[in-house]
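Dear colleague,

Please find below the structure that I promised to pass on to you. My notes on what was found in it follow directly after.

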Amino acid sequence: MMEYNREDQLETKNELIVSDQKPDQAIKKAEQQKRRLSWMTPILSGIIGGSLVLGVTTYQHSKDETANASVQTQTNGTSNSSASSNKANTEKLSSTNSSDISTMVENMSPAIVGISNYQKQTESGMFGFESNSNSSSSSEQETGTGSGVIYKKANGKAYIITNNHVVEGASKLTVSLSNGKEVEGKLLGSDSLTDLAVVEISADHVEKVASFGDSSSLKAGESVIAIGNPLGKDLSRTVTQGIISGVDRTVSVDTSAGQTEMNVIQTDAAINPGNSGGALLNTKGEVIGINSMKISESGVEGIGFAIPSNDVKPIAEELMSKGKIERPYIGIGMMDLEQVPENYQTGTLGLSGSQLNKGVYIRQVAPGSPAEKAGLKENDVIISFNGKETDTGSALRNLLYNDAKIGDTVKVTLIRNGKTMTKQITLDQKESASS
């Protein structure tokens, strides 16, 4: 695997200001009080919104002050009550969200498994020399661990999607379930270019099956949860939370079948060695990605990648039914032209100017292949595939696998001895490490 509450409390202070009046003449007292009530009423109504009825039973100034104090107390009480209510609602919402996530994780965790890769190791005899005698024997040792997601259950079997690099080279696979059971797994199919594989186990102890979500609807900023086994069994079903940092990212990846470019989801949820093959979930508990890799350079934090669920589903089905991914085949051994020494480009290949360092250099052509039948030769340089530029081998491979099918006839533009020409190739299918 590649290496990646503040609450604002609002306090409202309402003040009711009433000017003192000292009646000089008893005959004017009633008129003064009447005027006082006429301008106080709108103020009180505005402050307490008609919810408080003020009864006036005396004209004395001390009674007015008492009433005003009562209005202040009740108004402030209403404000404080509102602030407390808002705070309670915020706490309740936060608690509910946390509770929902915990419930979702508890529900989905049984669908996440650990996978151990065992490979045969040769034990040397005396003095470290291997031999065919009894002093040398072969044993299976655990060489790596990863994660997987149970996504299907049928006819007494359960099926796990994981990364190809988790199971690659294994002579034996074991699967650790959430209930503590460890069962043997059978590799049904794998594909190094998409870094996906399907493992079959008995369904006897399987409690939960995950469902896929729609990765095409994801947006940056959405919350996601990663579940897997970072650093092995001791930290099984570790849960980390983050967001979608980016969608439709393209990253270059070195695989056992060569370099390729992968479409991935970027996330800042913590992904570590052992998380490979685990689930990236949305808040509904749907699998929207299979965790695959991270960037582990010094000074880089929180850059992990997952294979989108919409890419995973068809690959998983084809691996289940065929054990492999059938792809169109040209039949050439190739390398990026920019990796070829420039003096070889200008001398042997006859390139110059803008022809240099851009294209796919053909090192060899397989006998009987579509390339040989179409007239491609060693030392040709492919510069476009069906009208699209192919500056690198990974670009050519992606166009071949994504834009063409077995049986298609495609146009390949190439340079031979400095001259540009076009060839038509009818694509075939063949198991090969070359393209």
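**Strand pairing and nonpolar cores**

In strand E6, Leu 196 is the bridge partner of Asp 191. This is a predicted model, and the pairing in question joins E5 to E6 (residues 196–202) in the antiparallel sense, over 5 bridges. The hairpin of E5 and E6 has 4 residues between the strands, and Asp 195 takes a positive phi near 55° there.

E5 (residues 182–191) also pairs with E4 (residues 172–176), again in the antiparallel sense, through 4 bridges. Here Ser 176 has Glu 182, in E5, as its bridge partner. Between the strands of the E4 and E5 hairpin there are 5 residues, and Gly 180 takes a positive phi near 95° in this hairpin.

In soluble globular proteins, nonpolar side chains tend to be buried together. The largest nonpolar core of this model has 30 residues, and the members that touch the most others are Val 149 and Ile 161. Helix H4 (residues 309–322) supplies the largest share of this core, namely 4 residues. Apart from this core lies another, of 21 residues, including Ile 330, Leu 396, Val 410 and Val 412.

Which residues are in contact with Val 149, if its neighbours within four places in sequence are left aside? They are Ala 111, Ile 112, Tyr 159, Ile 160, Ile 161, Ala 210, Gly 277, Gly 278, Ala 279, Val 287 and Ile 290.

With kind regards

Conventions
Residues are numbered from 1 along each chain as its sequence is written. This is a predicted model: local features need pLDDT of at least 70, side-chain atom pairs count only at pLDDT 80 or more; totals for chains, interfaces and linings use all residues. Side-chain values use heavy atoms; hydrogens and water are left out. A nonpolar core is a set of buried Ala, Val, Leu, Ile, Met, Phe, Trp, Tyr and Cys residues joined through side-chain atoms within 4.5 Å. Buried means under 20% relative accessible area, exposed over 50%, partly exposed in between (1.4 Å probe, protein chains only). Helices (H or I, at least four residues) and strands (E, at least two) are DSSP runs, numbered from the N terminus. Contact means heavy atoms within 4.5 Å. Two strands pair if DSSP finds at least two bridges between them.
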